[in-house]
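Here's a look at how two protein chains are built and how they meet. Have the structure open while you read, and follow along chain by chain.

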Amino acid sequence: MTRKTTPSTDDRRLSKDLEQLQSDWNRMERAEPPGLLDQAVLNTARRDLESKKRRRPLGWLGGFATATVAVLAITVVWLPERPADLPPPDATGVPAPRDKAAAMMQESAPEPRNAAPPIDVQKARRLNAAPAPAADAPALEMKARRGEKGDFMASERDAVLEKEALLPPEAWIKQLLALKQEGRIEELEAGLRAFRAAYPEHPLPGSLGQSPP
Amino acid sequence: MRERSDEELMANWAAGEFGAFEALYERHRGPLYRYVLRQVSDPATANDLYQGSWEKVIRARRSWRPGAPFRAWLYRIAHNHVVDHFRRQRPETELQPECMESPGEGPEQALGREHRESRLKEALAQLSPKQREAVLLKLEGGLDLQSIANVLGVNRETAKSRLRYAVAQLKEALKERES
């Protein structure tokens, strides 16, 4: 059974005494803090608030700057390394991912109409002393796979570019002689121009005559 | 317009409203000043302690828990600041009756004051620091018994005991005047 708690006599007496004392106390002189002290305290509070307000925009600005620097750092570090992530074409001839893409394009592309010798890119790379830049190889390969005669010999620039993928001079001369024998003059002239561009110092047999101007 | 409570003002101040602090300061400046002044030996020290108490309050505003009674929090900070002062000085420093005079008041002026007031001050100075602080928290701070206990860091019964003793002493001093 619970009994409602009531203030004890002692507590009631204390409350009554306190009331009386408070009345006397309130009649005493009320000392106040000096005005300068008031001003000092208020200034401290104002400065505290203002410093917090000044710091607030820097908070998000600092976060934004940090995020920007992080993104830049990731871009600088990650992007140049990206090509290196791709596996190089292996020696077995299985195409690397980028070579695979070229192979897919090759499969979908029409076969060359002429009888020009197929270009073995891997072989050409092995035979040429100067290695081709890695970035040029896929473009060169795609171009070689295009099979369009006009494209293949479109300009001397193209011929020079493609020299790395072409046959050694002796084998090339053999093919040029074969073209002459078959009477394919246009192709022979184009071939001779390409040969001269690729091997300007290599002597040609007399049967092929002077190279075209 | 309804007057905002201490707790509402504190919340607004914590949110960055300077006017809320001004209102709080205006409301508590006198009682807090007298609470400090009645405990120390000279007005200059009282001024330092009073200003230091408010500076601590300003620094601690972010630690104030919304809903907590502001007045008890304020006096708790001031109490700690005064206790630190006494620890740096001599502990249990007893006040002399003349120390209870108002700042800037000379002895001649004190003689002319109401006898009742001087007896009260004298009796207050004769209390032990713990009893004096308990009664000042009641008379100046207007705190209830539980809040006094919280400020002093003691249980409610201890706070009541100190308060009862202090009130009895002050009452006795006033009786002597009447007799």
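## Where the chains meet

Let's start at the meeting point: the contact takes 25 residues from chain A and 28 residues from chain B. Two residues are in contact here if their C-beta atoms, placed from the backbone, lie within 7 Å. On the side of chain A that touches chain B, the elements giving two or more residues are α1 (9-26) and α2 (35-78) of chain A. Of these, α2(A) gives the most, with eleven residues. Sorted by class, that side of chain A has 14 nonpolar, two polar and nine charged residues. (Ala, Val, Leu, Ile, Met, Phe, Trp, Tyr, Cys and Pro count as nonpolar; Asp, Glu, Lys and Arg count as charged; the others, Gly among them, count as polar.)

A quick word on what you're looking at: this is a predicted model, where local features need pLDDT of at least 70 and side-chain atom pairs count only at pLDDT 80 or more, while totals for chains, interfaces and linings use all residues. Residues are numbered from 1 along each chain as its sequence is written, and chains are lettered from A and ligands numbered from 1 in the order in which they are written.

## The two chains

What are the chains made of? Chain A has ten helices and zero strands, and chain B has nine helices and zero strands. Both kinds of element are DSSP runs numbered from the N terminus: helices are H or I with at least four residues, strands are E with at least two.

How much of each chain is buried? In chain A, buried residues make up 13% of the 213 residues; in chain B, they make up 37% of the 179 residues. (Buried means that 20 or more other C-beta atoms lie within 10 Å of the residue's own; exposed means 12 or fewer, and partly exposed is in between, with C-beta atoms placed from the backbone.) Now take the contacts with a separation of 6 or more: residues 24 or more positions apart account for 59% of them in chain A and 67% in chain B.

## Nonpolar cores

In soluble globular proteins, nonpolar side chains tend to be buried together. A nonpolar core is a set of buried Ala, Val, Leu, Ile, Met, Phe, Trp, Tyr and Cys residues joined through C-beta atoms within 7 Å. The largest one in this model has 48 residues, and those with the most contacts inside it are V36(B), L74(B), Y75(B), A78(B), A134(B) and I148(B). This core draws at least three residues from each of domain 1 (1-93) and domain 2 (111-179) of chain B, with domain bounds coming from an automatic or database domain assignment.

Zoom in on A78(B): leaving aside neighbours within four places in sequence, A78(B) is in contact with L32(B), Y35(B), V36(B) and S53(B). There's also a second, separate core of nine residues, which includes W172(A), I173(A), L176(A) and A190(A).

## A helix pair in chain B

Helix α4 (residues 70-88) and helix α8 (residues 145-152) of chain B pack at an angle of about 35°, with their axes 9 Å apart. (Axes are lines fitted to C-alpha atoms, for helices over the stretch in contact, and angles run from 0 to 180 degrees between N-to-C directions.) Which residues make this contact? From α4(B) come A72(B), Y75(B), R76(B) and H79(B), and from α8(B) come S147(B), N150(B), V151(B) and L152(B). By class, that's four nonpolar, three polar and one charged.
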